[in-house]
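Please examine the following model with attention to its pockets, surface and charged contacts.

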Amino acid sequence: MTETPEKRAACIRGLRDLADFLESHPYLPMPVCVRVGPLVVGDDDQQRAAVDRIANVLGVEPVSNADDTHYEAERSFGPVAYEATAIRASRMAAYDALMSYRGAVQTSEAAS
């Protein structure tokens, strides 16, 4: 998704509208937390560079998970967080291969 000033303004308006709506409907169940962030695109190096830039603005240090397939920067505002995640291409390829089987196998209960 290409960010434009109009899309950015619309997203910010939507977040404010959601907050106002939730505040005016106190009996509506709340999510446990809210996480928002950009879609980080590009090859592995480009994604990591984007996360580094975002981490700098957020004032946080990016971190890698144990197997170095995810590289993330996150800043929390109470139960709300802004996060950016780079996922290695090899991990995404493995996930896409796994998901290609989605719906191909059903339990006997699901089939009836």
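The questions and answers below treat these topics in turn.

This is a predicted model, in which local features need pLDDT of at least 70, side-chain atom pairs count only at pLDDT 80 or more, and totals for chains, interfaces and linings use all residues. Residues are numbered from 1 along each chain as its sequence is written, and side-chain values use heavy atoms, with hydrogens and water left out.

Q: Which helix gives the most to the lining of the largest pocket?
A: A pocket is an open set of points on a 1 Å grid over the protein atoms alone, where a 1.4 Å probe fits, with protein on both sides within 12 Å along at least five of seven lines; lining residues have an atom within 4 Å of a point. The largest pocket is lined by 13 residues, and E3, R8, C11, P38 and Y82 lie nearest its centre. Helices (H or I, at least four residues) and strands (E, at least two) are DSSP runs, numbered from the N terminus. With six residues, the most given to this lining comes from helix α1 (residues 5-24).

Q: What is the volume of the second largest pocket?
A: A volume is the space filled by probe spheres set on the grid points, which are joined across faces, edges and corners. For the largest pocket this gives about 630 Å³. For the second largest pocket the volume is about 380 Å³.

Q: How many residues in the lining of the second largest pocket are nonpolar?
A: This pocket is lined by 17 residues, with L15, L18, A19, V34 and V80 nearest its centre. Two or more residues each come from α1, β1 (34-36) and β4 (80-87). Ala, Val, Leu, Ile, Met, Phe, Trp, Tyr, Cys and Pro count as nonpolar, Asp, Glu, Lys and Arg as charged, and the others, Gly among them, as polar. By these classes the lining of the second largest pocket holds two charged residues, no polar ones and, as nonpolar, 15.

Q: Is A104 buried or exposed?
A: A104 is found in the loop between α3 (89-99) and α4 (108-111). Buried means under 20% relative accessible area, exposed over 50%, and partly exposed in between (1.4 Å probe, protein chains only). Because its relative accessibility is 57%, A104 counts as exposed.

Q: Which strand is tied by E74 to strand β1?
A: A salt bridge is a side-chain nitrogen of Lys or Arg within 4 Å of a carboxyl oxygen of Asp or Glu. The side chains of E74 and R35 meet in such a bridge, at 2.3 Å from N to O. R35 lies in strand β1, so the pair ties together parts that are 39 residues apart in sequence, E74 being in strand β3 (residues 70-77).

Q: Which residue forms a salt bridge with R35 at 3.0 Å?
A: R35 is partly exposed at 43% relative accessibility. A partner in strand β4 lies 48 residues from R35 in the chain. With the closest N and O atoms 3.0 Å apart, that partner is E83.

Q: Which residues are linked with D68 in a network of salt bridges?
A: The side chains of D68 and R48 meet in a salt bridge of 3.6 Å, N to O. D68 lies in the loop between β2 (63-64) and β3 and R48 in helix α2, so the pair ties together parts that are 20 residues apart in sequence. D44 also lies in helix α2 (residues 44-58). The network links D68 with D44, R48 and R88.
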